[in-house]
Amino acid sequence: MIKKIILALALTSATLFSSYKEEKPVYKDAKQPIEKRIDDLLARMTLEEKVMQLNQYTLGRNDNANNMADPVKGIPAEIGSLIYFGSDADLRNQVQKKAMEQSRLGIPIIFGYDVIHGFRTIYPISLGQACSWNPVLVEKACGVAAQEARMSGVDWTFSPMIDVARDGRWGRVAEGYGEDTYTNAIFTVASVKGYQGTDLSSDKNVAACLKHYIGYGASEAGRDYVYSEISNQTLWDTYMPPYEAGVKAGAVTLMSSFNDISGTPGSANHYTLTEVLKNRWKHDGFVVSDWGSIEQLRPQGVAANKKEAALKAFTAGVEMDMMNRSYDSHLGELVKEGKVSEELLNDAVRRVLRVKFKLGLFDKPYTPTTTEKQRFYRPESMKIAEQLAEETIVLLKNKDKALPLTSAKKIAVIGPMAKSQWNLLGSWSAQGKADDIITIHDALQAEYKGKAEVSYALGADFDGQDKKGFEEAKVLAAKSDVIVLCLGEKKNWSGENASRSTIALPQIQEELAIELKKLGKPIILVLSSGRPLELNRLEPISDAILTMWQPGTPGGKPLSGVLSGRVNPSGKLAMTFPYSTGQIPIYYNYRQSARPHQGKYQDIQSTPLYEFAHGLSYTTFEYGDLKVSSTQLKRGEKLMLEIPVKNTGDRDGVETVHWFIQDPVSTISRPIKELKYFEKQLLKKGETKTYKFEVDLQRDLSFVDGNGKRFLESGEYNIIVKNKKIKIEIVD
């Protein structure tokens, strides 16, 4: 009997204890659906906690191991996001611990960073990547960048930049995929897949961010942060498609743009941010402002003060405030005043929390500590970097087969880029290290070891008027068989806030080339830059011209392989090289003029020096006749196109075939031609391969109106490949 009483008391005690013990909150239960976890967490949050989730500060700049406590102490435990400048997870984890343990609800912080073309292993700039026409390889490169970043404490990259850009004076052309809408869309999807993978919570994936939404590439005269005049028609047919493709590919965040779009800045634009992005495209992630773009609504003339700027940005659809200190200062007050509804606030917080849950931050808030060897420069990562750098190189000119250099015994490497390391990284080089880069000169020495003598002279710096090095360069060149002249732009001449009035190289570089030409030696012009360049004075005195863009960590090694012939160049331009800066804007898919035979420049040619998709090879390719499955089709039917391409040269080569369409007569005038598909294949010498394109009439032949509505009209269309054209007809 006594035993029964003791057992009953024990059971009663256990029952009472369990009733007092707080059950695990739903939002902390990894087994629950994400939306249910968000509902539970939102219901527990105060107004102040909600507001803090919508703010982003910085962490890590100028911090060191001896001063870690100070930045941790200065960060609110409730902050939603931080831009993290560290290269390992230590400081990040310290701040995350504060958020998890010192905030009331333990909501993790999301850490972002500008991982634009690599984290430590730096890949070629994005403009160069587009010239590879290899989205599969770009996806792999973004995957490596994600792995290095996530293992270093970064959960979120402010990339890809997908602004269609047609003015080479704009420094940020380096960050995007060139002048063509379709090309940007294809590489957008590749980038998003590479960054986010199939499981965003993986410890090797990061959240992608499409930027800058929208029309930033249209800034007047190529000047950063200024006004852009964009009609609704152009907005939809040129600038919107890459963003729509990125949203459909699953990009969880976007960044609002700096620019004023026809009177309404991108960070206060309800039409683009809410009506289109959220309501029409059903995007369920969030929008972060660009750095200071909310506060900058004041100098743009649409907000009288920071509070009004916060109101306009938030109600337009910007959920997170990047370094404006507008939301943390005024958003709570705006809610209390009834100017911002609780419903809108909750929706914004829900969007931020949703991304954090998808990243797995609630269940795995900390980044495991690893060594640099475990994170960076993995053999496979370096292999991808080198291959991508090889495929970005474009052979612009090759007079009388000046390249490859197979018989030269004395090679003079001259110019300011020849021994540069830092400038080969390109803008936005994240945690890249210049000391890890092999120079062009050193790469050529290694490439030609035992085969040719490689010597060096500076000749001249990147700019200035000092010609004292000319004589040394001429003496060296006179004793050599060929001159490899390495010219170009410094790293900081492109990127953000790096607009230039001319895309010509500084006069000192051109004068060096002219002086060397007087020696009568072959000149191989090697260019490294973040934009297309004006070459009309350099082209005539160069026997061959290569643009290597800014290759990143691989440095000069990929170029040395191309110069020696070990690598056959396969790159083709994703952005037009004008004949002169005065032609800008110039791009391939312009709309037809009212007088096609008139309206030309009177003082220079009206055609570009090197057009979009131009790029030579060390072999030759012969295009056969275009064939179509039918020349007359009804709506809904499929069209098969094919063209045989033969390698008629004496070495293997890779050829990219670009398929364009043309609608000669349309209710809304259309570009002279539009890229709709491209395919890259290896052809061995003597081999013929058939390139195929399956046309979906609605997808590939339709156009869009100023409201974003697609329409497909009956009538004739042309399919164009190289100089081949075939006509088809859509009948009702």
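Which residues in H8 meet which residues in H9? Before answering I note that this is a predicted model, in which local features need pLDDT of at least 70, side-chain atom pairs count only at pLDDT 80 or more, and totals for chains, interfaces and linings use all residues. Residues are numbered from 1 along each chain as its sequence is written, and side-chain values use heavy atoms, with hydrogens and water left out.

**Helix pair.** I found that Thr-181, Asn-184, Ala-185, Thr-188, Val-189 and Val-192 in H8 meet Asp-237, Thr-238, Pro-241, Pro-242, Ala-245 and Gly-246 in H9 (contact means heavy atoms within 4.5 Å). I sorted the residues of this contact into 6 nonpolar, 5 polar and 1 charged, where Ala, Val, Leu, Ile, Met, Phe, Trp, Tyr, Cys and Pro count as nonpolar, Asp, Glu, Lys and Arg as charged, and the others, Gly among them, as polar. Helices are DSSP runs of H or I with at least four residues, strands are runs of E with at least two, and both are numbered from the N terminus. I then looked up the geometry: H8 (residues 181-196) and H9 (residues 232-248) pack at an angle of about 20 degrees, with their axes 8 Å apart. That makes H8 roughly parallel to H9, a term for angles under 35 degrees. Axes here are lines fitted to C-alpha atoms, for helices over the stretch in contact, and angles run from 0 to 180 degrees between N-to-C directions.

**Loop residue.** Is Ser-293 buried or exposed? I found Ser-293 in the loop between strand S9 (286-288) and helix H11 (306-316), and with a relative accessible area of 2% it is buried (buried means under 20% relative accessible area, exposed over 50%, partly exposed in between, with a 1.4 Å probe and protein chains only). Leaving out residues up to four places away in sequence, Ser-293 touches Ser-256, Ser-257, Phe-258, Ser-267 and Asn-324.

**Covered helix.** In helix H19 (residues 557-564), 7 of the 8 residues are buried, and the elements covering them include helices H15 (379-392) and H16 (440-447). After H19 comes Gly-565, whose phi is positive, near 95 degrees.

**Sheet.** I traced an open sheet of 5 strands in the order S19-S27-S26-S21-S22, with mixed pairing (two strands pair if DSSP finds at least two bridges between them). S19 (632-634) and S22 stand at the edges with a single partner strand each, so one side of each is left without a neighbour in the sheet. Strand S21 (residues 653-662) runs antiparallel to S22, joined by 9 bridges, and Gly-653 stands opposite Leu-683 in S22.

Conventions. Angles under 35 degrees count as roughly parallel, over 145 as roughly antiparallel, 65 to 115 as roughly perpendicular and the rest as oblique.
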